[in-house]
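Hello,

Here is the structure I promised to pass on. Have a look at it first, and then read my notes below.

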Amino acid sequence: MGTSVRGALDGRYSKDPDFVFRRIADEVLLLPIRRNMGDLESVYALNAVAARVWEWLDGRRTGREIRDLIVGEFDVSPETAEADLEDLLRRLAEIGAVRMSAP
């Protein structure tokens, strides 16, 4: 079973300090920097929206605020932005890249 992001839009998200974000040429990569050498083989490529979401994960913004930022910056409906954001947050939580705190 995957990691739950129930109430994803009400929670506040922050980046796990064991992950770094790098722009290399036209690629945006998320890299784990944990102690285990096996983790170094896990590199995640982010699309443009996911990269912006990563930049907005500051521990202060709620999922709902991030959804509104997506709608304001990209040509997407609130419903699509919400569904895609929940999916992204679930995936990031599964790899341990984000932490959610209650609102």
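Helix 3 (78-94) gives the most to the lining of the largest pocket, with seven residues. Helices here are DSSP runs of H or I with at least four residues, strands are E runs of at least two, and both are numbered from the N terminus. This is a predicted model, where local features need pLDDT of at least 70 and side-chain atom pairs count only at pLDDT 80 or more, while totals for chains, interfaces and linings use all residues. Residues are numbered from 1 along each chain as its sequence is written, and side-chain values use heavy atoms, with hydrogens and water left out.

Back to the pocket: 18 residues line it, and Asn-47, Ala-50, Asp-84, Asp-87 and Leu-88 lie nearest its centre. Strand 4 (44-45) and helix 1 (48-56) also give two or more residues to this lining. A pocket is an open set of points on a 1 Å grid over the protein atoms alone, where a 1.4 Å probe fits, with protein on both sides within 12 Å along at least five of seven lines; lining residues have an atom within 4 Å of a point. By class, the lining has 14 nonpolar, one polar and three charged residues (nonpolar: Ala, Val, Leu, Ile, Met, Phe, Trp, Tyr, Cys and Pro; charged: Asp, Glu, Lys and Arg; polar: the others, Gly among them).

Helix 3 also holds Leu-92, which counts as buried at 5% relative accessibility (buried is under 20% relative accessible area, with a 1.4 Å probe and protein chains only). Leaving out residues up to four places away in sequence, Leu-92 touches Leu-30, Trp-54, Leu-57, Ala-97 and Val-98, contact being heavy atoms within 4.5 Å.

Strands pair if DSSP finds at least two bridges between them, and strand 3 (residues 27-32) and strand 4 are joined by two.

Best wishes

Methods: Buried means under 20% relative accessible area, exposed over 50%, partly exposed in between (1.4 Å probe, protein chains only).
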